[in-house]
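Reader: I have a chain open on my screen and would like to go through it with you. Can we start with the surface and work inwards?

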Amino acid sequence: MDGKKCPFPELIEEHKIINILDSQTENIKQYFEESNSFINKALSQKKNILVHCFAGKSRSVSLIIAYLIKYQNLSVDKALEHIKQVRPVADKEESKEKHETIHQENQQENHQENYQKKQEENQEEKQEDKQQGNQEEKQQEHQEEKQQENQQEKQEENKEEKQEENQEEKQEENQEEKQEENQEKKQEKKQEEKQEENQEENQQEKQEENKEEKQEENQEEKQEENQEEKYEEKQEENKEEKQEENQEEKQKKKQEKKQEENQEEKYEEKQEENKEEKQEENQEEKQKKKQEKKQEEKQKEKQEEKYEEKQEEKQEEKQKEKIQQNQKFQIKDQNQNQQQKDINQQQKNQQNFQENQFEYFARAPGRVNLIGEHIDYMNYPVFPFALENDCLIAFSHSNDDKLHIYHTNLEIYESAHLPCHPSKKAEVSFNQKQAWIKYIYAGFFSGTENVVEQFQGVNMLVCSNVPIAAGLSSSSCFVVCGAILGHFILKSNLDYNNLLQRIIQYERDLGTACGGMDQTISLLGVRGKAMFIEFNEYAKNIECQLPEGVTFVIANSLKESPKLQSLGRRYNKRVCECRMAIKILGDKMGIQSESKFTNLRQLVRNNETLKQMQEKVKDLIEKKVYSKEDIEKLIGEKLDQFLNDIQKHEIVIEQNTEYFPYERALHVYAEAERVYKFKQICEDQQISNEEKINLLSNLMNESQYSCDQLYDCSSDELNQLISICRKNGALGSRLTGAGWGGCTVSMVRKEHVDEFIQKVREQYYQKNGLKADENVIFCTSPCNGALIYKNNLF
């Protein structure tokens, strides 16, 4: 009925599509003959027929009623009742007027057909009468002629009389014929008059119907006009409201800017005060050290005097001590010699290793997160892009069953030779210089374990220019690079979605309660585009175009923040504090669930906005410092049991006595709101490029304030570096990554980049006695994600 194709053509021999709008003003009468003939044709051939429209309530019902009235002489009510028995959803009220018009038209058609049939029958009877009259006359004439011929001789005398009689008879016959003709004409006139009367009645009925239709159309037009007027009034009201809202927003933004400026001023004042306090503390420490040195010197003098007095008595003991010291020095010399031999041997192995050409290269980039810090593990979105800086692994098959992993810098990163079969990985341990290898090792098994049947050894040579422990995902790019390497060389059949989930889980198994941002962007990044990554039941990635005319500068504070070494007091503690906030807020909201909630997004039950959730945090969670006992009273169980599904939760409980669920929950909901705004601004084509730059930079600055004040994941070094970046041309500047050190990301106009980098080098790095090479402060743009490519020289 809607002009669509037949939904199941394989089951139907023949079908007909009639385009009828589902509207009261649609003239459905014009389709009755076409539909009736098609239905009658199918039924006459003893075939089944299906008549359907979108809902099966009005248009298909009307066509079937038309058929029943015409071919089965049913009334409208009986036809509807019959259909309702078969099709209960048929809407009687909705199609009542259509059904009545169908019945009237079918009656008119039946009258017209009956009338035409009667006329045809009358005409046929008249023609038969005429033919019979003519035949009788001819027979009489022939008889008379014969009688005349036979009686010519006998009746010659009576010819004149007979002729007169014959003439009289002919006249009587002519008169009878004329009378019959006149009667027929009168009957025809009467019939024509009746037809004219019927036509006039039909015309009058049609005129009345047209009048009613016109009245209805006029009423509908009036209603539409009234609706348009109301719509215009509403639009004007909405425009006024929007103007008022825009004015309020502008005022709010002005106030926020003033607050930010005041906060920055206060922050700078605090930094200066802290510097002064530190200087005073340093002076006091220096004085203490001087006093301690003096005391030590005095003590040494006293000890020397005593020593001289007892020198004779302790000669034997000194000789023994000298012998022991000499033995120790010999052991140290031997250890140093052995270490030097090991380094030389590793260098020789690496040289031999590098002489072998590698067949393939694996690449996985680091990442920078523009906004959305510490919310991916709460199921809220982030907005990163893949860096040009990356991890590279040259690799090829080995002749044994081991993974031979070398780094291009053997002085810092020690090599390892590890079993390639997952059944033996539990036997492997790493020393401090081999700690970097466990990320590649975990990645290798994330792409192969329980998927690949046959394992084969691999030679690997690794290098990376992603700064370590700097918030640029150096560890995750090692894991991703190892994963795609194992996935490729051992021909795993995992698709990239399953591979991604395994990469995330295998990195979590190393001890970090991470989300999925780092691994997702490293694996799936796109050149020239940032990526909006949504974590709600499953990852959803949307490519976004950043504004033109600006670029992003990464600056390393050079304060390292290794995740695994500081889990208890930093990263994993924040995850535990968010879990506490989930329980407290959920109970206060009256939310009950059989399973434990694991992220703050699960508390949005009635389509609350993120602003509304922030207000609920302020109203329902008390802002204070919580002890372990306070939390256990609120949640109704021991912390060790409550947090048992979070990695390294026992370390968090051992190392902390204070918790801040209020501040952590407030940051998560506010930061998530900023991420959604960031995406909307990038996609909004009605906003000018310059407006986008201003709005996005403000969101970056707001994010930094929240990370520092609410999530407490910034540091003095980061705050100092961000302040210098903003003073020297950064439109927006914030920490990136987990925080507590590492890097900042700044939005800078392209024409000011060189000047910006030079000033930051002078005011932060040189002033603090730090070296700043090309991997410490650099300009970057979005790059592609992980890939494998073949060495054409192999």
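**Surface charge and salt bridges**

Author: A positive surface patch is made up of Lys185, Lys186, Lys189, Lys190 and Lys194. Patch members have over 30% relative accessible area and no salt bridge, and like charges are joined within 9 Å. Lys and Arg count as positive and Asp and Glu as negative, with His and the chain ends not counted. This is a predicted model, in which local features need pLDDT of at least 70 and side-chain atom pairs count only at pLDDT 80 or more, while totals for chains, interfaces and linings use all residues. Residues are numbered from 1 along each chain as its sequence is written, and side-chain values use heavy atoms, leaving out hydrogens and water.

Reader: Where does Lys186 lie, and is it buried or exposed?

Author: Lys186 is in helix 5, residues 159-309. Lys186 is exposed, at a relative accessible area of 56%. Buried means under 20% relative accessible area, exposed over 50%, and partly exposed in between, with a 1.4 Å probe and protein chains only. Helices (H or I, at least four residues) and strands (E, at least two) are DSSP runs numbered from the N terminus.

Reader: OK, salt bridges. How many does the structure hold?

Author: There are 22 salt bridges. The term stands for a side-chain nitrogen of Lys or Arg within 4 Å of a carboxyl oxygen of Asp or Glu. One of them pairs Arg363 with Asp390, with the closest N and O atoms 2.6 Å apart.

Reader: Which parts does the Arg363 and Asp390 pair tie together?

Author: Arg363 is in strand 1 (residues 360-369) and Asp390 in strand 2 (residues 384-397), so the pair ties together parts that are 27 residues apart in sequence. Arg363 is buried at 9% relative accessible area, and Asp390 is buried at 12%.

Reader: What about salt bridges within a helix?

Author: Lys618 and Glu615 form one, their closest N and O atoms being 3.8 Å apart. They are 3 residues apart in helix 12 (residues 610-620), which means a separation of about one helical turn. Lys618 is partly exposed at 42%, and so is Glu615 at 41%. In helix 16 (residues 661-683), Arg674 and Glu671 are also 3 residues apart, about one turn of the helix. Their side chains meet in a salt bridge at 2.8 Å, N to O, and both residues are buried.

Reader: Which residues are linked in a network of salt bridges?

Author: Lys573, Arg574, Glu577, Arg664 and Asp712 are. Arg574 is in helix 11 and is buried, with a relative accessibility of 3%.

Reader: What does Arg574 touch?

Author: Leaving aside residues up to four places away in sequence, Arg574 touches Tyr377, Arg569, Arg664, Tyr711, Asp712 and Trp740. A contact means heavy atoms within 4.5 Å.

Reader: Switching to backbone. Where is phi positive in a residue other than glycine?

Author: Ser473 has a phi near 70°, and Lys648 has one near 60°. Ser473 is in the loop between strand 5 (458-464) and helix 8 (474-489), and is buried at 7%. Lys648 sits in the loop between helix 14 (639-642) and helix 15 (649-655), and is partly exposed at 34%.

Reader: Last one: what are the totals for the chain?

Author: The chain has 19 helices and 12 strands, and 38% of its 794 residues count as buried. Of the contacts between residues at least 6 apart in sequence, 74% join residues at least 24 apart.

Key: Patch = residues over 30% accessible without salt bridge, like charges linked within 9 Å, V, L, I, M, F, W, Y side chains within 5 Å. Areas by Shrake-Rupley, 256 points an atom, 1.4 Å probe, with all protein chains shown as cover. Charge placed at Lys NZ, Arg CZ, Asp CG, Glu CD.
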